[in-house]
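Hi,

Here is the structure I promised to pass on. Have a look at it first, and then read my notes below.

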Amino acid sequence: MSFQKKFTEKLLERDYHFAPGLSDGELIGNDSRYISFLKQSGAAVYGVILIKADKSFDYKEVYTRFRSQFFDFASGVNCANAYCVGLFAGDSEDKELNAYCTHDIDDYTLRFNEVMWLVDIGKNKIFVRGSQPDKLIDLSEMVEAAMAESDDSYSPDVEMRTLLQNEIDKRRESIKSNNILCTGALILINIILLAVTYITGGIGTDNMVRMGAISTELIFDYGQYYRIFTAMFLHYGIVHLVSNMLFLYVFGSVIERYYGKAKFLLIYLGAGIAGNIVFIFFSDGIAAGASGAVFGLVGAMLSFSKLIKRSVEGKDTYFMILFAIISICSGMFMEGVGNTAHIGGFIFGLLSGYVLYNKN
């Protein structure tokens, strides 16, 4: 398989989007002269063009046109930084190509940035000329991996739609569960228990304790350790329930589908217990809610996203880190929020999401 095909596959795996209007047609292979991709990650947008830098056509004109169109595109989207990355596949001994790829970056804080790397496929090496970064997110890693996995044999062109369909099929095969019965069952259990709470006396402190809420006094003085488990199914009213169940559905449905039901329950219940244990040691009083378990799902999704190095169901690493930071920080300034449980659940989910991920 040619380097162009292998590199394209790796870009598609990492959620880069093929830009047909900025590419030399939709056929990828040894005959491809240049292909372009776009990706938005957090507050940054990336434009990547792989150009076969030989004498058969004007690669300088192609790159100049791509750079202009990409920066025009970046100006129209909401981004803090835009990175135009030119990858010139050619001979590292070519003086003209070396001179063209020599580029100095004086200020990395600018909104628009340009990176130009010379890729010598025959030597399996990236050459960085001038004062520009030799690593940019995961691009250098993908280039090196694509060179290591390709060979010099001729590879006929293949349609981009075929490579896109292959990536879709691979993602479908990674799904362990085709339904979210466990997520739905947990939501139903929480709804039923809130209804029972209202029927038996409401969400006042006395009734919440009777129902099984955390009470540090009863746990430490009377050994009622079961409250560490039961408290994660109780809520202080409809608003408290709805907010937790919404996030349980958003994050739990993904973890259940990609990790399977057994691992999903282990992450959810384990994070809930871990969060409540942290709460009773570092906080005091009465507490209830599924937020520790929900934060565990957020942590697991963050680990999953980092491991597969792409977004998960449209939620990338940037989104989940931002969500966790905002939620935990807001909990510090809101009265009645068990923030220690959030932190404990999040850390458990982060670790268990990494340990339970099937790397094969």
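Which backbone oxygen does the side chain of Asn207 reach at 3.0 Å? That oxygen belongs to Thr197. Please keep in mind as you read that this is a predicted model.

Let me stay with Asn207 for a moment. The residue sits in helix H7, which covers residues 205-211. With a relative accessible area of 4%, Asn207 is buried, because anything under 20% counts as such. Its side chain also reaches the backbone oxygen of Gly202, at 2.7 Å. If you set aside the neighbours within four places in sequence, the contacts of Asn207 are Thr197, Thr200, Gly201 and Gly202.

Helix H11 (residues 261-282) packs with helix H12 (residues 291-308) at an angle of about 130°, and their axes are 7 Å apart. The crossing of H11 and H12 is right-handed. On the H11 side, the residues that meet H12 are Phe264, Ile267, Tyr268, Ala271 and Gly272. Their partners in H12 are Gly292, Ala293, Val294, Gly296, Leu297 and Ala300. Sorted by class, this contact between H11 and H12 has eight nonpolar and three polar residues, with no charged ones.

H11 also crosses helix H6 (residues 181-199), at roughly 40°, and the two axes come within 10 Å. H6 and H11 are therefore oblique to each other as well. From H6, the contact takes in Leu181, Cys182, Thr183, Leu186 and Asn190, while H11 contributes Lys261, Phe264, Leu265 and Tyr268. Here the classes come out as six nonpolar, two polar and one charged.

Ile280 is another residue of helix H11. Ile280 is buried, at 6% relative accessible area. Not counting residues up to four places away in sequence, Ile280 touches Ile214, Thr216, Ile219, Phe220 and Ile228. From the C-alpha atom of Ile280 to that of Leu322, 42 residues apart along the chain, the separation is 27 Å.

Ile126 lies in strand S7, residues 125-128. Ile126 is buried too, with a relative accessible area of 14%. Leaving out neighbours within four places in sequence, its contacts are Trp117, Leu118, Ser140, Val143, Glu144 and Met147. Ile126 and Lys263 are 137 residues apart along the chain, and 40 Å separates their C-alpha atoms.

Asn124 lies in the loop between strand S6 (112-120) and S7. Its phi is near 50°, a positive value in a residue other than glycine. Asn124 counts as partly exposed, because its relative accessibility of 45% lies between the 20% and 50% limits. Ile137 is in the loop between S7 and helix H4 (139-149). Ile137 likewise has a positive phi without being glycine, in this case near 40°. At 44% relative accessibility, Ile137 is partly exposed.

That is what I have for now.

Best wishes

Definitions and conventions: Residues are numbered from 1 along each chain as its sequence is written. This is a predicted model: local features need pLDDT of at least 70, side-chain atom pairs count only at pLDDT 80 or more; totals for chains, interfaces and linings use all residues. Side-chain values use heavy atoms; hydrogens and water are left out. Helices (H or I, at least four residues) and strands (E, at least two) are DSSP runs, numbered from the N terminus. Buried means under 20% relative accessible area, exposed over 50%, partly exposed in between (1.4 Å probe, protein chains only). A polar contact is a pair of N or O atoms within 3.5 Å; within protein, one must be able to donate a hydrogen and the other to accept it, and residues adjacent in sequence count only if both atoms are side-chain atoms. Contact means heavy atoms within 4.5 Å. Axes are lines fitted to C-alpha atoms, for helices over the stretch in contact, and angles run from 0 to 180 degrees between N-to-C directions. A crossing is left-handed if the near helix is turned anticlockwise from the far one by less than a right angle, and right-handed if clockwise. Ala, Val, Leu, Ile, Met, Phe, Trp, Tyr, Cys and Pro count as nonpolar, Asp, Glu, Lys and Arg as charged, and the others, Gly among them, as polar. Angles under 35 degrees count as roughly parallel, over 145 as roughly antiparallel, 65 to 115 as roughly perpendicular and the rest as oblique.
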